Amino acid sequence: RMADICVSSHHGSLDELLADAEFKGLARRDGFLFELRLDQYAGLSLGAFHAAVEALGPARLVVTFRSPVEGGKNIRVAEEQRLAYLCAAAQLGTAYVDLELSTLNSNKLLRNPLTAARGTKHQPKFIFSYHDFVGMPSYEQLRDLRRMAEKLGADVVKLAAHATTIQRALPLLKLLREEGGWTRPLLGIAMGEAGFWSRVLGPVFPHPAPLAFARAEGSTTGTAPGQPTWR
């Protein structure tokens, strides 16, 4: 099965997203998911979030509320409030909920979205993620992160790190090509123009990524360096 294309919302609010003609058109097509980046929305409320999930359909959504430590935009939101939205996403049965490994390992985990998902009719899959916008960890470091994510119960492991050249992305490529010893899909992303290959070749590796992130054609930069348009 080919990966779904996940188009990341670049909007400043949920209202702006729901009014976007490009996203409305993609919502009528098969094979597309949408990433809600809750950390970048102004005027966010749980009511508005519930309405957006209902309008777009939970089965279409990847919900992310990125921590400031890993590139989140809204530094004023308390950790408890951030986790409350991720719990709500889990209870609403969105396709995926993205949790950073740093959050899972933090003592500030006041409400556990994994617990919130238990017993729900349509339980989401959990992406356990790591982001480095400065450089590429070593192969050994990436391997340790992948092992940690699988041990914690990830449905999908996401490792995203910046690569200024193709050569600097080789530690990630080495990990992506490993076959034995792993049980979960690996979404490995080398951020930046030199990492374009990692975004489009995810489905061909031994533990293929179930989705590929892309930007809207109406967005000039996307939500991460090197995101191609969905087309």
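The lining of the largest cavity comprises 10 nonpolar, 3 polar and 1 charged residues, where Ala, Val, Leu, Ile, Met, Phe, Trp, Tyr, Cys and Pro count as nonpolar, Asp, Glu, Lys and Arg as charged, and the others, Gly among them, as polar. The model is predicted, so local features require pLDDT of at least 70 and side-chain atom pairs pLDDT 80 or more, whereas totals for chains, interfaces and linings use all residues. Residues are numbered from 1 along each chain as its sequence is written, and side-chain values use heavy atoms, with hydrogens and water left out.

A cavity is here a set of points, on a 1 Å grid over the protein atoms alone, where a 1.4 Å probe fits but cannot get out; its lining residues have an atom within 4 Å of a point. Points are joined across faces, edges and corners, and the volume is the space filled by probe spheres set on them. By this rule there is 1 cavity of 30 Å³ or more. The largest cavity holds about 80 Å³ of space. It is lined by 14 residues, of which Leu187, Ser198, Arg199, Gly202 and Leu211 are the closest to its centre. Strand S7 (186-191), helix H9 (196-200) and strand S8 (211-215) are the elements that give two or more residues to this lining; helices (H or I, at least four residues) and strands (E, at least two) are DSSP runs numbered from the N terminus. S7 gives the most, with 4 residues.

The packing of nonpolar side chains comes next. In soluble globular proteins, nonpolar side chains tend to be buried together. A nonpolar core is a set of buried Ala, Val, Leu, Ile, Met, Phe, Trp, Tyr and Cys residues joined through side-chain atoms within 4.5 Å; buried means under 20% relative accessible area, exposed over 50%, and partly exposed in between (1.4 Å probe, protein chains only). The largest such core has 53 residues, and those with the most contacts inside it are Val7, Leu36, Leu38, Phe49 and Phe128. Helix H4 (residues 79-92) is the greatest contributor to this core, with 6 residues. Apart from this core lies another, of 15 residues, including Ala95, Tyr96, Ala160 and Leu187. Leucine 38 touches Leu44, Phe49, Val63, Thr64, Phe65 and Tyr85, leaving aside residues up to four places away in sequence; contact means heavy atoms within 4.5 Å.

Charged side chains provide a further set of links. The whole structure contains 7 salt bridges, each a side-chain nitrogen of Lys or Arg within 4 Å of a carboxyl oxygen of Asp or Glu. One of them joins aspartate 98 and arginine 66 (3.5 Å, N to O). Aspartate 98 lies in strand S4 (residues 96-100) and arginine 66 in the loop between strand S3 (61-64) and H4, so the pair ties together parts that are 32 residues apart in sequence. Aspartate 98 is buried at 1% relative accessibility, and arginine 66 is buried with a relative accessible area of 3%. Arg66, Arg82, Asp98 and Glu100 are linked in a network of salt bridges.

Another salt bridge pairs aspartate 144 with arginine 147 (2.8 Å, N to O). These residues are 3 apart in helix H7 (residues 139-152), and therefore separated by about one helical turn. Aspartate 144 is partly exposed at 44%, as is arginine 147 at 39%.

Key. On a 1 Å grid over the protein atoms alone, a cavity is a set of points where a 1.4 Å probe fits but cannot get out, and a pocket is an open set with protein on both sides within 12 Å along at least five of seven lines; lining residues have an atom within 4 Å of a point.
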